[in-house]
Amino acid sequence: MKPLKLIIVFAVILAAVIGALFLMRDDPPITPPPDGNDYEMYSKQFAADWEQAGDWNEKLFRQNCETVRQLSNVYSKENTRTLGDLNTIKATTIVYDKIFAEWDKPACSFSVVKKYRDAVDVITKEDPKASTDKNITMIKDVYSTYTKARVLAGKAIGLSPSFSGRSWSPSFSAYSNGITSQRTAILSNANYKKYLSGISEIKNGLAAIPGKLSDARRRYYDALAQRIMSYYDNAERTSANNSDLRAVYSRYRSERGSDHGTLREFVVRFSNEVDTRNMRMAMPR
C-alpha cells in the first residue's frame, strides 16, 4: 500500500504544479463576443441620435467615438469596429449631403461650406479609415476646385510697372496670360461645371475677369508712361538719351498697341530740347 500512497501523493503535487504554471501565464483572457442585443441597442441609439440631429454635430460624433472606445475595453476591437463604422458613415453621409446642397445654391455661403469641410478633418482624425471613403474624397476634390475658383473670382487684378531707363517689368502680357489660363482651367474643370457653375459669386467674378484685365492693362500702360516721362524729365538732354527715349517710346507703342498722347508730346519736346542744346553748343563763342 505504501508505494500506492506515494504515487497518489506525487500525482496530486504534479497536478498542483501544472495548475500553478497555468495561472502564472501572461496570456490575455479570452473576451467573449458581445451580446447581439448590445450591438442592436447601440446601433439603434446611434442612428436615432443622428436622425434627431439632422445635421453635422461634432459633439455627437466625438461622443459616439468615445462610446466605441469604451466598449473596445470590454470587447475586442474587431467586435466594436462595425459600431464605429456606423457612426462614421452616418456622419460622412450628412456632411456630404449638406455641403453639396450648399454648393448647389446660387447664394452659396463660404462659411457654411467651410464648416462642413472642417467636419471632414474631424471625422478623418478620429477615424483614419474614413480618408478613403468615396464621399470624403469627393468632398475634398470639389472643395479644392471651389477654393481655387473663389479666390480667382475675387482676385484684385492689376499690375504696377517699374522702369529702369531702357526697359520695364514685370510683363503685363505674361501677367494677363497667366490669369486667363487660370480662368480657362476653372471654366473647363469637370467639378466646376457639374457642381459650382451656378454659384453667383464665382460665376460673376469669373465673367468679370476679361473686363478687369482690360482696365488693368490701361492703368498699367498709363502708369508706365508716367514713369518713362519722370525718368527722362530728370535726364540730361543729350543725343544718346534722346535715342534711348525714342527706342523706349517705339517699344511702348508696339507693346501697348496704340499711342499715348501725353508721352508722344513729351518725346517730341525732349527731342526739340536736345536739338536746341546741340545748336547752342555748335554756335561759335
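At what angle do helix 7 and helix 10 pack, and how far apart are their axes?

Author: Happy to! Please keep in mind that this is a predicted model. Helix 7 covers residues 172–187 and helix 10 covers residues 209–233. The two pack at an angle of about 170°, and their axes lie 11 Å apart. Angles over 145 degrees count as roughly antiparallel, and helix 7 and helix 10 are therefore roughly antiparallel to each other.

Now for the residues that meet. Helix 7 brings Phe172, Tyr175, Ser176, Ile179, Thr180 and Arg183. Facing them from helix 10 are Ile209, Pro210, Leu213, Ala216, Arg217, Tyr220 and Tyr221. Sorted by class, this contact has nine nonpolar residues, two polar and two charged.

The lead-in to helix 7 deserves a glance too. Proline 170 sits in the loop between strand 2 (168–169) and helix 7. The peptide bond that joins serine 169 to proline 170 is cis, with omega about -5°. For context, most peptide bonds are trans.

Elsewhere, the largest pocket holds about 360 Å³ of space. It is lined by 15 residues, and the closest to its centre are Val68, Arg69, Gly84, Glu126 and Lys129. Helix 3 (58–72) and helix 4 (77–103) are the elements that give two or more residues to this lining, and helix 4 gives the most, with seven. By class, the pocket lining has seven charged, five polar and three nonpolar residues.

Finally, a word on confidence. The protein has a mean pLDDT of 88, with 87% of its residues at 70 or more. Residues 1–33 stay under 50 in pLDDT, and the model has six contacts for them beyond four places in sequence.

Key:
Residues are numbered from 1 along each chain as its sequence is written. This is a predicted model: local features need pLDDT of at least 70, side-chain atom pairs count only at pLDDT 80 or more; totals for chains, interfaces and linings use all residues. Side-chain values use heavy atoms; hydrogens and water are left out. On a 1 Å grid over the protein atoms alone, a cavity is a set of points where a 1.4 Å probe fits but cannot get out, and a pocket is an open set with protein on both sides within 12 Å along at least five of seven lines; lining residues have an atom within 4 Å of a point. Grid points are joined across faces, edges and corners, and a volume is the space filled by probe spheres set on the points. Helices (H or I, at least four residues) and strands (E, at least two) are DSSP runs, numbered from the N terminus. Ala, Val, Leu, Ile, Met, Phe, Trp, Tyr, Cys and Pro count as nonpolar, Asp, Glu, Lys and Arg as charged, and the others, Gly among them, as polar. pLDDT is the predictor's confidence in each residue, from 0 to 100. Contact means heavy atoms within 4.5 Å. Axes are lines fitted to C-alpha atoms, for helices over the stretch in contact, and angles run from 0 to 180 degrees between N-to-C directions. Angles under 35 degrees count as roughly parallel, over 145 as roughly antiparallel, 65 to 115 as roughly perpendicular and the rest as oblique.
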